[in-house]
Amino acid sequence: MHQLSLRCNTQAIELRTLKSQLAYFSGEVNRLQEVKPMLDKSMINASQITPNNRAAVAGKNVTAKNGTVKNLKDFDSSVTKLRELYVANAIQGEHLTASKIIDQALAIGVTPKNVYIHLILPAQQEIGERWHAGELNIPQEHAATQIALAEMGRLRPLLRRKTVLNKRVVVSSVQGDPHAIGGRMVSDFMHMEGWDVDFLGADTPSVELVKFVLERKPAIVGLSLTLDSLITPAKLAVEQLRKAAPGIKIIVGGFLVSADPKGCETIAADAYVARAQDASDIARVLVGLPKSGESLPELLKAVGARISKARKEQRFSQQEIADVSGLERAYISAVEHGKHNVTLGAVMRLAGALDVSIEELVVGRGE
Ligand code: B12
């Protein structure tokens, strides 16, 4: 009864999620219909935008029509041009145009994830350099940052989830650190890769972080660190987390990991990861899962080893498992050695014979 009501609840939640996604997409269609006449009226060919005339075209629409984007080189240069336009508009607070530029990037085939990586991230970096050099003032940086956050919010539902790992990660900036966009990016990418994510944003006091971790029981904590003055608080947070939750894996990432990798090592985390897109693979290794980009032979070997281990743990011979599963003994032997591209049907039978879940054989227990 309890299970039934849980299942009903889950289905209701899924239905609500689907409904809200549907509402989002109908909103998007309406928005695009409104924007289309504007785009048609003021089209600029992407190849016409050069660094010299970018001020002239800033604020207008860019298109990749007329066969402009023919090959990768053209594609790359279009992305670069779109990025320049995005920066020009973001620092002026021209959100609507910045938004349309992102739509153009999507229209020429840039994936939402690559919009994060190739438009928003470098735009923020350029803004940082120009701010540091005194070329931009604080309101310009703030305006651009708000646009970046809003655009990421708009793109987030388009980042498709590839799988579900049933493993949690808590991502937060270190106590005292006001930078949150990097942590947001990591969170969104890890969600795509199947992690359940709690993103806490900027400046979480480490005592509160520890309490939250004890409640949520994540497998991984990701700490985002930008400022060099915060190495000591980061180190303290790691110490407190390890004391309260032994066995927890901690990844430190952020601007400082690229800027001062040696300095960061003193934090004594389990891994230091500079780029958001690498976080999931490193986290998978830390919790004992195979990397998602693993080659087929490696995957078959890993699956075979898990089958062999489960069989030996239960003291079955290959012949006994063959008898129960209805598979040939020689087939099972080849599968255990990773020499056979085992079918899902066979994994299902083996899982049944060994009384373990399919996931346990394919993905592992996370041990
Ligand atoms: C926006 C911004 C701010 C905003 C932040 C608002 C917000 N909501 O985030 C505000 C205005 C608050 C701010 C404040 C300051 N800032 Co500031 N800021 C920036 C700026 C321009 C952009 C940051 C950003 O959005 N980057 C985009 C994200 C996506 O990049 P990222 O954070 O590096 O994240 C990537 C990776 O690092 C990684 N990553 C990040 N976190 C994590 C976590 C994990 C677990 C993993 C795996 C990976 C990972 O994933 C991302 C994608 O790969 C940067 C410039 C820059 N180069 O980044 C300066 C910058 C970071 N700021 C800087 C400074 C100095 C400051 C101030 C100290 C300035 C001052 N004197 O007041 C203050 C902080 C004051 C304080 N309270 O302590 C310096 C830092 C230099 C340093 N480390 O010594 C920078 C580099 C500017 C510069 N060139 O000098 N800033």
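Predicted model: local features only at pLDDT ≥ 70, side-chain atom pairs only at ≥ 80, totals over all residues.

Residues are numbered from 1 along each chain as its sequence is written.

The ligand is surrounded by 35 residues, each with its C-beta atom, placed from the backbone, within 6 Å of it. Gly128, Gly182, Gly222, Ser224 and Gly253 are the closest. Helix 5 (112-132) is among the elements that supply at least two residues of this shell, and helix 5 gives the largest share, 8 residues. Helices here are DSSP runs of H or I, at least four residues, numbered from the N terminus. Domain 1 (19-158) and domain 2 (168-286) each contribute at least three residues to the shell; their bounds come from an automatic or database domain assignment.

The largest nonpolar core has 59 residues, and Tyr86, Ala90, Ala234 and Val252 have the most contacts inside it. Such a core is a set of buried Ala, Val, Leu, Ile, Met, Phe, Trp, Tyr and Cys residues joined through C-beta atoms within 7 Å, where buried means that 20 or more other C-beta atoms, placed from the backbone, lie within 10 Å of a residue's own. Helix 3 (residues 72-91) gives the most to this core, with 7 residues. Both domain 1 (19-158) and domain 2 (168-286) give residues to this core, so it lies between them.

The buried residues of helix 4 include Ala98, Ile101 and Ile102. Helix 4 is followed by glycine 109, whose phi is positive, near 105°.

Definitions and conventions. Buried ≥ 20, exposed ≤ 12 C-beta atoms within 10 Å, placed from the backbone.
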